[in-house]
Amino acid sequence: MTKKITCVTCPMGCPITVEISDSGEIISVSGNTCPRGKTYAENEITHPQRSLATTVRVEGGVHNVVPCKSAGPLPKEKIFDCMEAINKARANAPVALGDVLVENVCGTGVNIVATNHCPAKI
Ligand code: SF4
């Protein structure tokens, strides 16, 4: 089987072709301009991951939400579960940049952290 992937590791966006055996093993990777593309393609086939950027609702803040992101990549198959957990989460103002808003989201070992601050409402 042949799988076409666009490497998103850098803005070059190289088109990569991965040949996969019937048993699911990677036979070859081509089209990558640098070694990072090979690693990206291999990970995309064996355990795809995604970073997540969204918002968490804030109680008692000058804003209703604060932007946040995953502190590391999350398994792709858990992205929707993670979004659900983040949607249910509430942060209490004040929120500081870098605060952990959801710890170990969905058992992934990855924290969801604030990427901005939100002062408390006076
Ligand atoms: S293969 Fe290398 S050069 Fe091409 S997009 Fe990926 S990281 Fe960038």
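The domain assignment divides the protein into domain 1, covering residues 2-46, and domain 2, covering residues 53-114, where the bounds come from an automatic or database domain assignment. The C-alpha centres of domain 1 and domain 2 are 30 Å apart. The structure is a predicted model, in which local features need pLDDT of at least 70 and side-chain atom pairs count only at pLDDT 80 or more, whereas totals for chains, interfaces and linings use all residues. Residues are numbered from 1 along each chain as its sequence is written.

The ligand is surrounded by C7, T9, C10, M12, G13, C14, N32, T33, C34, R36, G37 and Y40, a residue being near a molecule if its C-beta atom, placed from the backbone, lies within 6 Å of it. This shell is made up of six nonpolar, five polar and one charged residue; here Ala, Val, Leu, Ile, Met, Phe, Trp, Tyr, Cys and Pro count as nonpolar, Asp, Glu, Lys and Arg as charged, and the others, Gly among them, as polar.

The largest nonpolar core has 15 residues, and those with the most contacts inside it are V56, V58, V66, C68, A91, V95 and L101. Two or more residues of this core are given by each of β5 (53-59), β6 (65-70), α2 (79-88) and β10 (112-114). A second, separate core of five residues includes I16, V18, Y40 and A41. Such a core is a set of buried Ala, Val, Leu, Ile, Met, Phe, Trp, Tyr and Cys residues joined through C-beta atoms within 7 Å, and a residue is buried if 20 or more other C-beta atoms lie within 10 Å of its own, exposed if 12 or fewer, and partly exposed in between, with C-beta atoms placed from the backbone. Helices (H or I, at least four residues) and strands (E, at least two) are DSSP runs, numbered from the N terminus.

Leaving out residues up to four places away in sequence, V66 touches T55, V56, V58, A91, V95, A114, N116 and C118, contact being defined by C-beta atoms, placed from the backbone, within 7 Å.

β5 and β6 pair in the antiparallel sense over five bridges, two strands being paired if DSSP finds at least two bridges between them. These strands form a hairpin with five residues between them, and G60 in the turn has a positive phi of about 75°. Within this pairing, T54 has C68 as its bridge partner, and A53 stands opposite K69. β6 also pairs with β10 in the antiparallel sense, over three bridges, and there C68 stands opposite A114. By contrast, β5 and β8 (residues 90-92) pair in the parallel sense over three bridges, with V58 opposite A91.

Several loop residues complete the description. S51, in the loop between β4 (49-50) and β5, is exposed because 12 other C-beta atoms lie within 10 Å; beyond its neighbours within four places in sequence, S51 is in contact with K69, S70 and P73. The peptide bond from A93 to P94 is cis, with omega near 0°, and P94 is found in the loop between β8 and β9 (100-102). In the loop between β9 and β10, N104 has a positive phi of about 50° although it is not a glycine, and N104 counts as exposed because it has 11 C-beta neighbours inside 10 Å.

Terms used. Contact = placed C-beta atoms within 7 Å.
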